[in-house]
Amino acid sequence: MYQVIADERDFIVINKAADVHFHSQDGTAGVVAQAESDLGIKLYSVHRLDTLTSGLIILAKSSQAAAEFTRMFSAHTVQKYYLALAKGKPKKKQGWVIGDMAKSRRSMHKLLRTTENPAITQFFSHSVGEGERLYLLKPHSGKTHQLRVALASIGTPILGDTLYGGAAADRGYLHAYSLYFDYLDQIYGYTVAPNSGEIFALPEVAAQLSVWHQPNALTWPSLKKS
């Protein structure tokens with residue numbers, strides 16, 4: 001269900017498996033409740049991942065730490081980076097996806113052309129197989145289903161994300177890859193590659209991840225050039 005990546009004084013960082021609920025539901029413990037039970041401590045969620053998404057999650061150990069992380073996430077000072085795989089070729093290999101989001105049918109969300117309170121996503125992409133591309137995504141906002149909607153909106157829905165038109169696959173190919181942040185004047189950084197998924201295991205993916213191994217140090221696409 002998860003692995004503990006770091007156990008700090010005020011928080012832990014875990015690597016959630018794909019297809020695991022964040023919150024408990026249907027009588028089954030979610031990843032937060034399971035971590036609390038396993039570690040024997042109260043944990044506070046300060047951000048979340050969709051069920052299909054694997055990867056890094058911060059869980060605070062106190063209400064005070066949770067309040068500080070909530071402030072940091074609200075101010076967008078926590079740098080988050082995700083990996084995704086999709087079929088097809090976008091019009092741009094790198095750039096931005098910007099637009100307001102609204103609820104749609106079947107628990108879906110959709111991207112609008114307006115930009116009053118937009119979801120903002122930067123991305124790189126690289127071919128890793130016949131008709132398949134690996135994406136490195138940097139969200140600058142925290143909207144529900146933001147990355148899933150962003151890739152669907154440019155015609156390349158995430159593999160395994162059938163809700164948004166992605167081809168069926170052995171998992172939903174979205175992974176929270178890296179986190180960087182300054183907490184109480186100390187810099188923290190965590191990067192964990194996905195450990196499940198046949199396509200994530202391709203050597204072409206590993207080769208590209210060696211190029212992207214420090215996403216916080218990359219020169220990201222500027223808005224003027226998008």
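Predicted model: local features only at pLDDT ≥ 70, side-chain atom pairs only at ≥ 80, totals over all residues.

Leaving aside neighbours within four places in sequence, Leu174 is in contact with Leu52, Thr53, Ser54, Tyr82, Leu83, Ala84, Leu137, Leu147, Arg148, Ile158 and Phe200. Leu174 is also one of the residues that touch the most other members of the largest nonpolar core, which has 43 residues; Val31, Leu59, Leu85, Leu134, Leu136 and Leu137 are likewise in that group. The largest share of this core, 6 residues, is supplied by strand E5, residues 79–87. Another core, of 19 residues, lies apart from the largest one and includes Ile58, Val78, Phe181 and Tyr190. As a general background, nonpolar side chains in soluble globular proteins tend to be buried together.

Helix H2 comprises 12 residues, 63–74, which at 1.5 Å a residue should span 16 Å, and because its end C-alpha atoms are 16 Å apart, the two values agree. Within H2, Ala65, Ala66, Phe69, Met72 and Phe73 are buried; they cover an arc of only 120° around the axis and therefore lie on the same side of H2. Gln64 and Ser74, by contrast, are exposed on the other side of H2. In an α-helix there are 3.6 residues a turn, so residues three or four places apart point the same way.

The cover over the buried residues of H2 includes E5 and the strands tabulated here.

| Strand | Residues |
|---|---|
| E2 | residues 11–16 |
| E3 | residues 44–45 |
| E4 | residues 54–60 |
| E11 | residues 174–183 |

After H2 comes His76, whose phi is positive, near 60°.

Terms used
Residues numbered from 1 in each chain as written. Heavy atoms only, no water. Core = buried A, V, L, I, M, F, W, Y, C linked by side-chain atoms within 4.5 Å. Buried < 20%, exposed > 50% of the residue type's maximum accessible area, 1.4 Å probe, protein only. Helix = DSSP H or I, 4+ residues; strand = E, 2+ residues; numbered from the N terminus. Contact = heavy atoms within 4.5 Å. Expected span 1.5 Å × (residues − 1). Arc of directions from axis to C-beta.
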